[in-house]
Amino acid sequence: MRDEIKDNDVLILGAGIAGLAAARALGERGIRATVLEARERVGGRLLSRRSAGGGTVELGAEFVHGRAPELWALLAECEAQTTERDGTMLREEWNGGLIEDDPKDDEMFAPLEDLEDFAGEDVSFTDWLATSEVAEEDRPALLGYVEGFNAADAHRIGIRSLGVQQKAEDTIEGDRAWHLRGGYAQLAEYLAGRVKDLGGDVRLNTEVLAIRWSAHQVEVETTQGILRAKQCIVTLPLGVLQRVNSETALRITPEPAAISQARRLEMGHAVRFTLVFRERWWEQSPALDAVSLQTMSFLFTSKRLPAVWWTPHPEPEASPTLTGWVGGPRAMALEGKSAEELGREACTALAEVFSMDEALVRASLLETHTHDWTNDPFARGAYSYVPAGAIDAPTAMAQPEADTLFFAGEHTDTTGNWGTVHAALRSGLRAAQQVLGEG
């Protein structure tokens with residue numbers, strides 16, 4: 001430990017996974033960090049709520065993608081219970097009707113897998129697709145997947161980043177996914193508890209208004225007063241950082257180099273909502289055999305919005321829910337709609353998909369949960385992606401500024417796992433090491 005670091009000498013902006021992980025790591029080395037959070041809760045873009053059915057509904061990050069060791073170590077430490085996702089995948093055909101979809105037999109994703117060692121010009125996915133050998137009939141589905149999974153605009157997301165991301169996923173079994181029983185927010189709450197146990201402080205309802213800094217001197221103006229420190233870790237989401245020093249946003253003086261790098265990246269947008277029902281009415285559908293319906297995990301309805309749905313299968317104790325997801329430009333068609341509007345429209349669409357009586361579906365609906373991340377002033381979007389020509393920007397953002405300002409968050413990940421919880425966790429641990437002079 002360096003002599004100049006003393007108790008409470010580090011401020012951390014944001015109590016998401018990145019900020020809390022950094023604070024806990026510093027606390028374990030005897031450094032009591034102070035975490036400032038604008039919201040009334042910890043977790044950032046982890047948002048878990050209890051439903052009328054007694055279960056947990058996720059409104060932010062939901063799945064554990066792959067087996068990233070840092071995340072699984074944390075899951076084990078806090079004794080979180082996980083269930084691996086499996087079950088039947090169903091697809092609505094364009095002319096109506098449902099069929100079982102076996103992704104293992106689908107060659108649609110082969111072009112993305114072939115991008116792992118792509119060394120050509122970094123162009124947008126749509127530009128690459130236009131000159132690729134991908135069959136014309138396969139292009140719409142592939143484009144829809146890239147936009148939906150990455151919450152990205154295919155005209156912006158870079159082909160190099162897709163290749164790096166694919167390679168990163170392969171190293172952690174990224175094709176596997178798990179669900180956390182009891183909600184993802186339990187990880188943030190656990191980390192916040194550990195920070196406090198180690199002598200740190202987590203201050204909620206404390207919005208940062210301005211940061212003034214010079215080498216080893218940071219002054220942070222908040223709605224609860226002014227705090228000073230020698231070093232500061234900034235874990236604010238990319239969408240917030242991109243608005244720094246605008247007329248109505250957070251001001252940082254002087255503007256650090258990381259902000260110009262942030263403006264080279266893109267914040268993805270998505271709409272997701274969860275319908276909580278009294279019963280699993282879809283299991284009574286005449287559209288498919290009972291076994292396929294009872295084990296339904298994912299449903300793809302490409303001609304509709306949302307285009308992707310999932311159930312909590314195989315968790316038998318989970319409430320009967322269906323979660324709808326749409327990412328990228330198509331999300332704009334649903335942005336701004338209330339939970340009630342989304343629920344009504346979804347019941348109409350789902351009744352058609354499953355050939356069920358719409359009145360029965362509506363009667364079964366208990367409630368609809370959603371959160372508008374795009375218009376959330378403390379998020380300004382779902383998660384980041386890397387546009388063409390900006391593959392170096394996340395690593396550039398991860399570089400310390402005069403050993404005083406440090407940036408963390410999923411958008412600063414240097415391992416190609418952007419947009420994930422494990423990317424945020426890794427970035428927080430990396431920032432803590434940099435503060436300690438070990439990174």
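How are helices H5 and H6 oriented to each other, roughly parallel or roughly perpendicular? In this predicted model, the axes of helix H5, residues 139-150, and helix H6, residues 159-171, come within 13 Å and cross at roughly 70 degrees. Because angles of 65 to 115 degrees count as roughly perpendicular, H5 and H6 are placed in that class. Their contact is made by Val146, Phe149 and Asn150 on the side of H5, and by Leu162, Gln165 and Glu169 on the side of H6.

A second pair of helices is formed by H1, which covers residues 17-27, and H14, whose axes come within 7 Å and cross at roughly 40 degrees. That angle makes H1 oblique to H14, and the crossing in which H1 passes H14 is right-handed. From H1, the residues that make the contact are Ile17, Ala18, Ala21, Ala22, Ala25 and Leu26, whereas H14 contributes Val421, Ala424, Leu425, Ser427, Gly428, Leu429, Ala432 and Val435. An α-helix has 3.6 residues a turn, so residues three or four places apart point the same way.

Helix H14 itself comprises 15 residues, 421-435, which at 1.5 Å a residue should span 21 Å, and the distance of 21 Å between its end C-alpha atoms agrees with this expectation. The helix is mostly covered, with 13 of its 15 residues buried. Glycine 437, which follows H14, has a positive phi, near 80 degrees.

Beyond the other helix of this pair, glycine 30 is located in the loop between H1 and strand S2, residues 34-36. With a relative accessible area of 43%, glycine 30 is partly exposed. Although glycine 30 and glycine 199 are 169 residues apart in sequence, their C-alpha atoms are 8.5 Å apart in space.

Arginine 272, by contrast, belongs to a strand, S17, which spans residues 270-277. Its relative accessibility is 6%, and arginine 272 therefore counts as buried, the cut-off for that class being under 20%. The side chain of arginine 272 has a polar atom 2.6 Å from the backbone oxygen of glutamate 58, and this side chain also reaches the backbone oxygen of glycine 60, at 2.8 Å. When neighbours within four places in sequence are left aside, the residues in contact with arginine 272 include Glu58, Leu59, Gly60 and Glu62, together with Trp310, and also Thr323, Gly324 and Trp325, as well as His369, Thr370 and His371.

Conventions:
Residues are numbered from 1 along each chain as its sequence is written. Side-chain values use heavy atoms; hydrogens and water are left out. Helices (H or I, at least four residues) and strands (E, at least two) are DSSP runs, numbered from the N terminus. The expected span of a helix is 1.5 Å times one less than its number of residues. Buried means under 20% relative accessible area, exposed over 50%, partly exposed in between (1.4 Å probe, protein chains only). A polar contact is a pair of N or O atoms within 3.5 Å; within protein, one must be able to donate a hydrogen and the other to accept it, and residues adjacent in sequence count only if both atoms are side-chain atoms. Contact means heavy atoms within 4.5 Å. Axes are lines fitted to C-alpha atoms, for helices over the stretch in contact, and angles run from 0 to 180 degrees between N-to-C directions. Angles under 35 degrees count as roughly parallel, over 145 as roughly antiparallel, 65 to 115 as roughly perpendicular and the rest as oblique. A crossing is left-handed if the near helix is turned anticlockwise from the far one by less than a right angle, and right-handed if clockwise.
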